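Visitor: Hello! Could you walk me through this model?
Guide: Gladly; please take a look first.
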Amino acid sequence: MKIIHTIKELREWRAGVSSVAFVPTMGNLHTGHLALVKQAKQEAENVVVSIFVNRLQFGQGEDFDKYPRTLEQDAAKLKEAGVAVVFAPDEAELYPHVSQDYQVEPPHLQNELCGVFRPGHFRGVATVVTKLFNIVQANVACFGKKDYQQLTIIQGMVADLNMPIKIVPVDTGRAEDGLALSSRNQYLSEAERAEAPRLYRVLTELANKVKSGDHDYVAHEQAARKELEVHGWVVDYVEIREASSLNVARVGDHDLVVLAAARLGSTRLIDNLEFAA
């Protein structure tokens, strides 16, 4: 496995291989990331994983400075997983002019759901992913469904801008108790970690109510929010959306997803569940 830090060296390597699958990450890898790698290995002969903590997608007061940088440990995991290349540029390599004057602006969806609480986040994601796609020149890229809004925006960007890359969604990795795997889970206290699986249970209960034929979406969203709040959560949103577009769900939509974001203490957790009405 190669660890490459410069765009020049990565492009030289890329010129000498055939098919490539790409997994963009910010490092501090867990089992969920390795599931993306496993899928990527099924998609192409060579797998490239990027590790880059992208300043553009962090808002004011968010955890950019304290986000764990664990390249040595991450590289060991990726080597064992059979990755061909780890691309780990520093900030000056990826943003040589310091400010990224030309950015990729997603549509209205960037200002909904998580975008309400993280203004500019999805612009930062779309910009860095576009840069990485241009650098890696992969045939396929794998993204986790846990970041469902991000996945939807990336899929739309690739389609609208005619990017020659296939996006492969990968199911959310979960702990045995249902908690979605996330680098931010390590910030939870012992008591918070015990409480955290409630988020997925609440989403499952909501989906079951809709599947049973009760289509009062607003009432279900409000009940789910209340269930979390009475157990100490600070809820940003719980919303039922149409799965492919993330438009607000309407009665008659068949393929749905319920998405939620809420805080336990200082840790913000997100999750979602796809289901058919």
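Guide: Two strands pair if DSSP finds at least two bridges between them, and helices (H or I, at least four residues) and strands (E, at least two) are DSSP runs numbered from the N terminus. This is a predicted model, in which local features need pLDDT of at least 70 and side-chain atom pairs count only at pLDDT 80 or more, while totals for chains, interfaces and linings use all residues. Residues are numbered from 1 along each chain as its sequence is written, and side-chain values use heavy atoms, with hydrogens and water left out.

Visitor: In which sense do strand 2 and strand 5 pair?
Guide: Strand 2 covers residues 20–25, and Ala21 has Val140 of strand 5 as its bridge partner. The two strands pair over 2 bridges, and the sense is parallel.

Visitor: Over how many bridges do strand 5 and strand 6 pair?
Guide: Strand 6 spans residues 166–170, and its Pro169 stands opposite Phe143. Strand 5 and strand 6 run in the parallel sense, and the number of bridges is 5.

Visitor: Why is strand 5 described as largely enclosed by the rest of the structure?
Guide: Buried means under 20% relative accessible area, exposed over 50%, and partly exposed in between (1.4 Å probe, protein chains only). Strand 5 (residues 140–144) is largely enclosed because, of its 5 residues, the number buried is 4.

Visitor: At which residues does UniProt place the feature "binding site"?
Guide: UniProt positions are given in the numbering used here, with shortened feature names, and annotations may be inferred rather than shown by experiment. The entry is unreviewed, and it places the feature at Gln57 and Gln150.

Visitor: Is Gln57 buried or exposed?
Guide: Gln57 sits in the loop between strand 3 (46–51) and helix 3 (71–80). Its side chain makes a polar contact of 2.9 Å with that of Asn54; such a contact is a pair of N or O atoms within 3.5 Å, where within protein one must be able to donate a hydrogen and the other to accept it, and residues adjacent in sequence count only if both atoms are side-chain atoms. With a relative accessible area of 11%, Gln57 is buried.

Visitor: Which residues is Gln150 in contact with, leaving aside neighbours within four places in sequence?
Guide: Gln150 belongs to helix 7 (residues 148–160) and is buried, at 17% relative accessible area. Contact means heavy atoms within 4.5 Å. Leaving aside those sequence neighbours, the contacts of Gln150 are Phe122, Val125 and Phe143.
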